[in-house]
Amino acid sequence: METNSIKQSTPFLVLIVVAIASIFIQPVTAFNGEGVYSGADIAWVITAAALVFLMTPGLAFFYGGMVHRKNVISTMIKSVVAAGIVSVIWVIVGFSLCFGDSIGGLIGDPKTFLFFNNVISGEPWGGGPTIPLSLFALFQLMFAIITPGLVVGAVAERIRFTSYILFIVLFCLLVYAPLAHWSWHPEGFLAKMGVLDFAGGTVVHISAGCAALAGALVLKRRKSHLEHQEVPPANIPYVLIGTGLLWFGWFGFNAGSALAANDLAVSAFGTTNTAAAAAGLSWMFFDVIKGKKPSVLGFCIGAVVGLVAITPAAGFVAIPQSIFIGVVAAIISNLVVQWKSRSALDDTLDVFPCHGVGGMVGMLLTGVFASKKVNPIGNDGLFYGNPEFFFTQLKAMLIVVAFSFAVSFVIFKLVNLIQPLRVTSEEEEQGLDLSQHNENYTQGTLISSPGA
């Protein structure tokens, strides 16, 4: 009992220590950006950051609508709580690890921006010379928030809430930060290889998809999965709302990654919308060919896969090619979902087939369709006579997949050693809304009963 009490108190005590330490950080004068900053660029990137943040509650609706109604709240909060945890970590050390002075191209020096030191007073980031460094840091924070939230879908309906909080902390520090540094810091080793990832195909989606696969393997199968029970979605309109919020927010995710209000942002906006539209239709029509009826879930899942796949390519490919990327990504992810449904893998909401595989497809197709005519600082892909760049993307994809899966697998195992990852069979049967949060999901005027 005493040990449990210490474990329960630890997160609060850590937060108190951080809060006390923060009062000793001296305020600094902001960098004078007169003649450097662009008001239009600042306004756009602030808007884009807000759009990316909106994707996190959008993801909560998207996932929450697909699980059993006794697990809606527990699934949604696991995505949303990342906004609290990652925001604090980011200010303390996360931004430093991602974008601090490079240590061998592998990780940022944690002292560079410790407690946001040198951020407010720092010169603009090289990739966004017309916006304050602090705005760049906050925009990047929104990407770091949603990434561990994506993993939730694979481990839903059986993972303990407090264990997932610890996973978020370790994933942020040990998986997300290195990948962001490798890909987006000028001295990162993937960036120096010439790898292109415009808005997070590797950093966000492949990493989350592979972590999801690791989590599903470590946590093993739900009782309902073992017994081949059909789990009805709690609320399909929630899924539709979540898809709309994700699609809307993704304009900030991709177009905002231009870090300026310019023609590249417009192009990325166009590729984002087109790929999502094509992929939603592709998934739905492909289901019809397989003998199913066109479904809301099918279109929504397909659209999200298209958004995932276009993310690494958004600022490097032309709008017409984004149709092909969306259609192909949806078909491949659909086939992987079909394979997974016949296997013993219990990835609850198909995070690996949709985000992991979708991100891989997007990464490789960036290597096929990237064009310097779209973005002069990019590269020409295989389709335009440059096979070397395609193989660079392929090599980077394999590195990221291996790293993300291996480190995430170790993190899940480590968390399980500290405290059990999985709820008890009784708690699983009761539902995690009640057993983990003592709350009920309300649908209309009906409150779900524990065994419903």
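Modeller: In this predicted model, a residue is called buried when its relative accessible area is under 20%, exposed when that area is over 50%, and partly exposed in between.

Biologist: Why is His-355 called buried?

Modeller: His-355 has a relative accessibility of 4%, and the cut-off for buried is under 20%, so His-355 counts as buried. His-355 belongs to helix H13, which spans residues 351–369, and, apart from its neighbours within four places in sequence, it is in contact with Tyr-63, Leu-150, His-205, Ile-206, Val-304 and Val-308.

Biologist: What makes the pair of His-355 and His-205 a polar contact?

Modeller: The side chains of His-355 and His-205 are joined at 3.2 Å, and a polar contact requires N or O atoms within 3.5 Å, one able to donate a hydrogen and the other to accept it; the pair therefore qualifies as a polar contact.

Biologist: Which class does Ser-322 fall into, buried or exposed?

Modeller: Ser-322, which lies in helix H12 (residues 319–341), has a relative accessibility of 0%, and because buried means under 20%, Ser-322 counts as buried. A polar atom of the Ser-322 side chain lies 2.4 Å from the backbone oxygen of Ile-319, and, once neighbours within four places in sequence are set aside, Ser-322 is in contact with Thr-271, Thr-274, Ala-275 and Ile-310.

Biologist: How do you know which class His-68 and Asn-118 belong to?

Modeller: His-68, in the loop between helix H2 (39–64) and helix H3 (72–99), has 16% relative accessibility, which is under the 20% cut-off, so His-68 counts as buried. Asn-118, in the loop between S2 and H4, has 35%, which falls between the limits of 20% and 50%, so Asn-118 counts as partly exposed. Asn-118 also has a positive phi of about 70 degrees, although it is not a glycine. Phe-115, found in the loop between strand S2 (107–108) and helix H4 (133–155), likewise is not a glycine and has a positive phi, of about 55 degrees.

Biologist: Why is H4 described as largely enclosed by the rest of the structure?

Modeller: Of the 23 residues of H4, 22 are buried, and H4 is therefore largely enclosed by the rest of the structure. After H4 comes Glu-157, with a positive phi near 75 degrees.

Biologist: Why is H7 called oblique to H14?

Modeller: The axes of H7 (residues 201–219) and H14 (residues 387–418) come within 8 Å and cross at roughly 45 degrees. Roughly parallel would need an angle under 35 degrees and roughly perpendicular one of 65 to 115, so H7 is oblique to H14. The crossing of H7 with H14 is right-handed, and the residues of their contact comprise 13 nonpolar, five polar and one charged. Those in H7 include Thr-202, Ile-206 and Cys-210, and those in H14 include Met-397, Phe-405 and Lys-413.

Biologist: What is the relation of H13 to H14, and what makes it so?

Modeller: H13 and H14 pack at an angle of about 160 degrees, with axes 7 Å apart. Angles over 145 degrees count as roughly antiparallel, and H13 and H14 are therefore roughly antiparallel to each other. Their crossing is right-handed, and the residues of the contact divide into ten nonpolar, three polar and no charged. Among them are Met-360, Leu-364 and Val-368 in H13, and Phe-389, Leu-394 and Met-397 in H14.

Technical notes: Residues are numbered from 1 along each chain as its sequence is written. This is a predicted model: local features need pLDDT of at least 70, side-chain atom pairs count only at pLDDT 80 or more; totals for chains, interfaces and linings use all residues. Side-chain values use heavy atoms; hydrogens and water are left out. Helices (H or I, at least four residues) and strands (E, at least two) are DSSP runs, numbered from the N terminus. Buried means under 20% relative accessible area, exposed over 50%, partly exposed in between (1.4 Å probe, protein chains only). Contact means heavy atoms within 4.5 Å. Axes are lines fitted to C-alpha atoms, for helices over the stretch in contact, and angles run from 0 to 180 degrees between N-to-C directions. A crossing is left-handed if the near helix is turned anticlockwise from the far one by less than a right angle, and right-handed if clockwise. Ala, Val, Leu, Ile, Met, Phe, Trp, Tyr, Cys and Pro count as nonpolar, Asp, Glu, Lys and Arg as charged, and the others, Gly among them, as polar.
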